[in-house]
Amino acid sequence: MSEQPGMESVLDFLTVPVVRLEEGSARVLFTNAAARALPFSLVPPTAALDAEGAPLPPEQHPVQRAARGEQLEGELFRWVTPEGVRTFVIHSRVDRSRSPGVVTLTFQDISPWRHAEEDLRRALEARDSFLSVASHELKSPITVLQLVLERLQRGARRETELSGSQVAERLEPALRQVRRLGVLVQNLLDVSRARNNHFVLDRERFELGSLVREVCERFTEQSRQAGSTLVAEDCPLVEVHWDRLRVEQALSNLVTNAIKYGAGGPISVRAELQDGAVSLRVEDRGIGVTDGDRERIFNPFERAASGHRVESLGLGLYIVREIARAHGGTVGVSGREGGGSCFTIRLPVEVTEVVSE
Ligand SMILES: Nc1ncnc2c1ncn2[C@@H]1O[C@H](COP(=O)(O)OP(=O)(O)O)[C@@H](O)[C@H]1O
Ligand SMILES: [Mg+2]
């Protein structure tokens, strides 16, 4: 070791990995503690990749370049490590006050920033795609609404006799679109509320089973049209103290998804009381959720990559998560044996009280 001991302890104190080499031979003279702590080696024969991740020929390895006397000024390189790809910014200097010269390399690990940048880029992409989907979703009911109203107006101008029931019939598609718009705008409002932490709960006491049955009844027809049967399993008799409308909304979002992504298979809704919390489970036998998507789909604007539908805004699960959180609970998804998925909302029961029959 040709290093002065004082210098070594200073370099060991640095959190940035430092490697010192002999110019020309590339013989390693010193590696500081941060470099020694890495679970992989920064010097050849360990291969380095360029900033885009393409393998480099041995003579282009940054350590070889620095050993030839080249000065590296903050170039980006990657290493494939047992813990994934790491990105380093590398600087090098040659000290020729000795012979042969001594090359000092510093390796600044910017992987955490790289990941943060990647997450940010993803979130922005999801938001941009959301904006285009949302504007399309807002536009199409308005177009239908306009057509219906113009037709009615033309009818009225021609003063043809339109009976009350004819008017009512013609207004039906307009009303459907207004309802669709209402749901959409409500979702947007909920998202902005949740983002600003203004999800204020309006708690009331009610019997859990009534809520489960009500939601299932409301979606029976819609699920039948999708070819699915929707079954509410037996529910424990328990009184809960929740925001009924919000929990209904959360459960409805899960049931809507089960219908949408359930591939026409049976859907079941089940409630269980366990350790002071109620689990509301919605199970389908559809396309399922891959391991990689399990966390992500609960973020706003996020949709799983496959099977994008135009009417999908990626807000439903985010709203479910925020409703669960506001109640001090959680939501998660697990796979189902034989395909499909099982979403579970788990909410604490403030007063656990078995309702007497
Ligand atoms: N029951 C399900 N089975 C499979 N994938 C689902 C299910 N529910 C949700 N997903 C996935 O999660 C994504 C986010 O769901 P959500 O937030 O409700 O948005 P949206 O229904 O508008 O797409 C969906 O786009 C879909 O990819
Ligand atoms: Mg949805």
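Which of the 19 residues around ligand 1 come nearest? N257, Y261, D284, S312 and L317 do. The views below show a predicted model, in which local features need pLDDT of at least 70, side-chain atom pairs count only at pLDDT 80 or more, and totals for chains, interfaces and linings use all residues. Residues are numbered from 1 along each chain as its sequence is written, chains are lettered from A and ligands numbered from 1 in the order in which they are written, and side-chain values use heavy atoms, with hydrogens and water left out.

**View 1. The shell around ligand 1.** A residue is near the ligand if one of its heavy atoms lies within 4 Å. Helix 7 (244-261), helix 8 (316-326) and strand 12 (341-348) each supply at least two residues of this shell. Helix 7 gives the largest share, 3 residues. Helices (H or I, at least four residues) and strands (E, at least two) are DSSP runs, numbered from the N terminus. By class, the shell has 9 nonpolar, 6 polar and 4 charged residues. Ala, Val, Leu, Ile, Met, Phe, Trp, Tyr, Cys and Pro count as nonpolar, Asp, Glu, Lys and Arg as charged, and the others, Gly among them, as polar.

View 2. The side chain of D284 places an N or O atom 2.8 Å from a nitrogen atom of ligand 1. For K260, a side-chain N or O atom is 3.0 Å from an oxygen atom of the ligand. A polar backbone atom of L317 lies 2.8 Å from an oxygen atom of ligand 1. The protein covers 96% of the 530 Å² of accessible area that ligand 1 has on its own (Shrake-Rupley method, 1.4 Å probe).

**View 3. Q177 in helix 5.** Helix 5 spans residues 164-195 and contains Q177. Q177 counts as buried because its relative accessibility is 11% (buried is under 20%, exposed over 50%, partly exposed in between; 1.4 Å probe, protein chains only). Leaving aside neighbours within four places in sequence, Q177 is in contact with P141, V144 and L145 (heavy atoms within 4.5 Å).

**View 4. Two cis peptide bonds.** One joins P44 and P45, with omega about 10°. P45 sits in the loop between helix 2 (33-36) and helix 3 (62-67). Another joins S99 and P100, with omega about -5°. P100 sits in the loop between strand 4 (84-95) and strand 5 (102-109).

**View 5. A263 with positive phi.** A263 is not a glycine, yet its phi is about 50°. The loop between helix 7 and strand 9 (267-274) holds A263. At 63% relative accessibility, A263 counts as exposed.

Note on methods:
A polar contact is a pair of N or O atoms within 3.5 Å; within protein, one must be able to donate a hydrogen and the other to accept it, and residues adjacent in sequence count only if both atoms are side-chain atoms.
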